[in-house]
Amino acid sequence: MKDSVAEEHLYLAFSHQCRDSIFPLHTSISLFLLSYCDCKLFKVFLVPTGEDVGDQCVTKNLAGDLEVHLISRCQLPVVVQSCSLPAVVVKDDKFCRAGLSVVLRHIIQKTFEADPSKKDLLELLGFKKTCLKACAEVSQWTRLCEISIPLAVERFLTASPEHCQAIPPDILLLERKLGEPVRVHNDDKIRRQKLQQQKAGAKAAVPVLGKEATEESKTGEVHEHPSSSLELSVAFSKLLAPEAPDVVNREAPHIRRAKTSDLPLLDHVFAEGLYFTVADLVLLPCIHQFLVSSKKQGKNLVNLPLISSWYRRVQEVPGVKKAAGKCNMELLQLPELMSAPEEQLQDSSSVPDELEEDNDDSHFIGGPRPTMTKLMENGIEAKFSPHPCPSWTLDWTSLPSAVSPGEGKMSRDRALRKQQQLNNLVAAVKKLAKPGDVIVDFCSGGGHVGIVLAYMMPSCQVVLIENKELSLIRAKDRSDELGLNNIWFIQANLDYFNGTFNIGVALHACGVATDMVIEHCLRARAAFVISPCCYGFIQNTVKFKYPRSHQFKEILSYKEHMILCRFADQTAVQLPPERRLIGKQCMGLVDLDRAWAAEEHNYSVQVISMEPESCSPKNNMFVGIPT
């Protein structure tokens with residue numbers, strides 16, 4: 001066990017306690033993970049959302065030996081007050097992690113760092129440690145686990161009996177996803193094993209319980225044998241006996257020759273596929289509460305055979321029942337359910353369109369000219385406002401090296417282009433900023449924009465928001481080297497930042513992220529200076545539909561707008577000049593649509609080309625001011 005681990009404070013919201021769970025469910029999920037990891041590295045605070053909450057009311061029946069403390073919202077560190085809970089911050093520090101997925105992943109990582117013998121915990125982060133890493137706005141799976149399922153269950157539990165007859169659509173969506181074929185790294189090998197098993201008519205051997213499972217069974221936690229499918233054998237052999245070498249069986253010649261398209265598909269064992277991950281630990285407290293409530297109401301779960309099987313299977317995972325016991329979760333023993341006849345199942349149309357994957361991102365035929373002509377016939381062309389200060393530049397030679405974007409592995413040419421990009425954004429922000437303003441650098445990456453702003457404008461408070469932990473840590477290291485005291489760091493998805501601010505900034509916010517930043521600024525009535533990027537990644541999401549403005553919606557369909565977005569990415573310097581010009585025009589039209597959409601909210605917005613235009617193929621910049 002490593003010593004001298006800095007104390008970190010974990011802040012969890014508390015609205016009420018019902019049976020064996022604390023609400024909101026994000027808090028129950030966080031406490032369950034702490035119990036599962038047997039983690040006591042964090043000082044845990046509950047933050048009541050209401051008034052007059054007594055200590056005994058809150059702390060009774062909490063997670064076993066976990067000590068919790070009450071704290072009011074106004075007593076939170078200032079950086080945490082700008083975030084939705086859960087949130088983690090090192091004591092007396094200015095680096096905050098906020099949002100369920102970010103916090104859970106951090107708990108797992110810190111537990112492993114404190115005790116490297118707990119290698120199994122790192123497996124919770126999935127292949128390449130990407131489980132629930134993508135933000136909820138662009139990943140339907142993250143959104144379902146992190147937001148939709150917890151909210152759906154909370155609404156189900158608080159609804160009046162006449163309003164909770166139907167199974168929530170998000171629960172039905174999870175049921176359907178559990179029935180989809182599994183895609184995992186190197187699944188070809190497992191699918192060939194499954195084909196060989198099917199050909200032989202043999203059953204996979206029931207895996208031998210590992211040491212941990214044996215110890216748990218001695219304490220009264222008896223595991224049922226999982227069904228004898230190949231997928232279960234693969235999943236539980238990894239969970240229960242990770243040190244055991246894989247048994248190598250030579251494939252028969254006809255199995256080796258089988259086409260990939262002829263191989264059987266793999267079935268779900270756990271939420272993300274074959275392996276137990278943090279997604280299962282997120283879903284378990286939610287689905288448990290839903291099942292307990294459904295059972296009390298006498299609901300028939302025949303429509304949810306896959307969720308019921310998953311719920312039983314998760315209980316077989318070593319450590320789950322022990323963690324549930326610490327959290328006073330009385331897990332149900334469900335009977336095995338068979339799928340109901342088709343006519344008894346709820347029609348899949350009961351899942352609303354907004355929960356569906358938007359697959360209207362099909363292959364487009366033809367170029368952008370018909371769409372551009374259609375807009376031109378309606379008097380719409382790409383137009384750019386004159387640059388307010390085209391020759392303004394920072395004196396980079398007089399600045400400390402930690403301010404310069406060249407600090408690190410960036411090549412000299414790229415560092416020069418980055419400096420030119422920063423000249424444009426800093427010039428625009430300096431014209432807007434006043435002493436005491438809060439400036440938020442959204443999608444900050446390594447802090448190229450935010451650190452320059454904090455250094456150049458010490459009378460302003462600068463907040464860096466970034467989802468990637470390593471990028472934000474690099475930014476903090478540079479800030480510490482400069483001794484900056486007017487800067488905060490928040491690792492979170494944009495939706496978890498709810499602080500007030502005066503100016504929003506983003507350099508090359510990718511795809512939909514540009515629209516997310518604009519939305520944040522509109523809500524805060526803040527000015528914004530934004531340079532978009534990755535137009536080809538723009539697509540309809542749960543929150544954002546394209547085109548954005550009324551003018552464009554009256555003329556273009558979604559598919560026609562997507563044609564503009566795809567060709568707006570064709571501005572690379574190696575492309576022919578004519579093609580780059582069309583790409584620049586498409587960029588201008590996509591951003592004109594965004595500008596007009598913001599103006600519908602009483603903003604004045606200019607679309608400007610950065611100077612020099614060679615500083616980046618993505619050289620558009622918005623400057624928006626509330627009117």
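Which residues do ring pairs link into a cluster?

Analyst: This is a predicted model. In it, Tyr36, Phe270 and Phe276 are joined into a cluster by ring pairs. The structure as a whole holds 10 aromatic pairs, and two of them can be described in detail.

One is formed by Tyr11 and Phe45, whose rings are stacked, with 5.1 Å from centre to centre and 20° between the planes. Tyr11 belongs to strand E1 (residues 8-14) and Phe45 to strand E4 (residues 42-48), so the pair, with its members 34 residues apart, links distant parts of the chain. Tyr11 counts as buried because its relative accessibility is 3%. Phe45 has a relative accessible area of 10% and is therefore buried, the cut-off being under 20%.

The other pair is Phe442 with Phe501. Their ring centres lie 5.6 Å apart and their planes stand at 70°, so this pair is edge-to-face; the class requires planes over 60 degrees apart. Phe442 sits in strand E8 (residues 438-442), while Phe501 is in the loop between strand E10 (487-491) and strand E11 (503-510). This pair, too, links distant parts of the chain, at 59 residues apart. Both Phe442 and Phe501 are buried.

A further aromatic ring, that of Tyr546, has a charged neighbour: Arg548 lies over its face, at 5.8 Å from the ring centre. Pro547 is placed in the loop between strand E12 (527-533) and helix H20 (550-553). Another cis peptide bond joins Glu611 to Pro612, with omega about -10°. Pro612 is also a loop residue, between strand E13 (603-609) and strand E14 (620-626).

Helix H12 (residues 278-296) and helix H13 (residues 305-315) pack at about 115°, with axes 11 Å apart, and their crossing is left-handed. H13 contributes Ile307, Trp310, Tyr311 and Val314 to the contact, and H12 contributes Asp280, Leu283, Leu284, Ile287, His288 and Leu291. By class, these are 8 nonpolar, 1 polar and 1 charged residues.

Two backbone details remain. Lys129, which is not a glycine, has a positive phi of about 55°, and it is found in the loop between helix H5 (119-122) and helix H6 (140-158). Its relative accessible area is 39%, so Lys129 is partly exposed. Asn602 likewise has a positive phi, about 65°, without being a glycine; its place is in the loop between helix H22 (577-599) and E13.

Note on methods: Residues numbered from 1 in each chain as written. Predicted model: local features only at pLDDT ≥ 70, side-chain atom pairs only at ≥ 80, totals over all residues. Heavy atoms only, no water. Axes fitted to C-alpha atoms, helices over the stretch in contact; angles between N-to-C directions. Helix = DSSP H or I, 4+ residues; strand = E, 2+ residues; numbered from the N terminus. Left-handed = near helix turned anticlockwise from the far one by under 90°. Contact = heavy atoms within 4.5 Å. Nonpolar A, V, L, I, M, F, W, Y, C, P; charged D, E, K, R; others polar. Phe/Tyr/Trp six-rings, centres within 6.5 Å; stacked < 30°, edge-to-face > 60°. Buried < 20%, exposed > 50% of the residue type's maximum accessible area, 1.4 Å probe, protein only. Lys NZ or Arg CZ within 6 Å of the ring centre and 35° of its normal.
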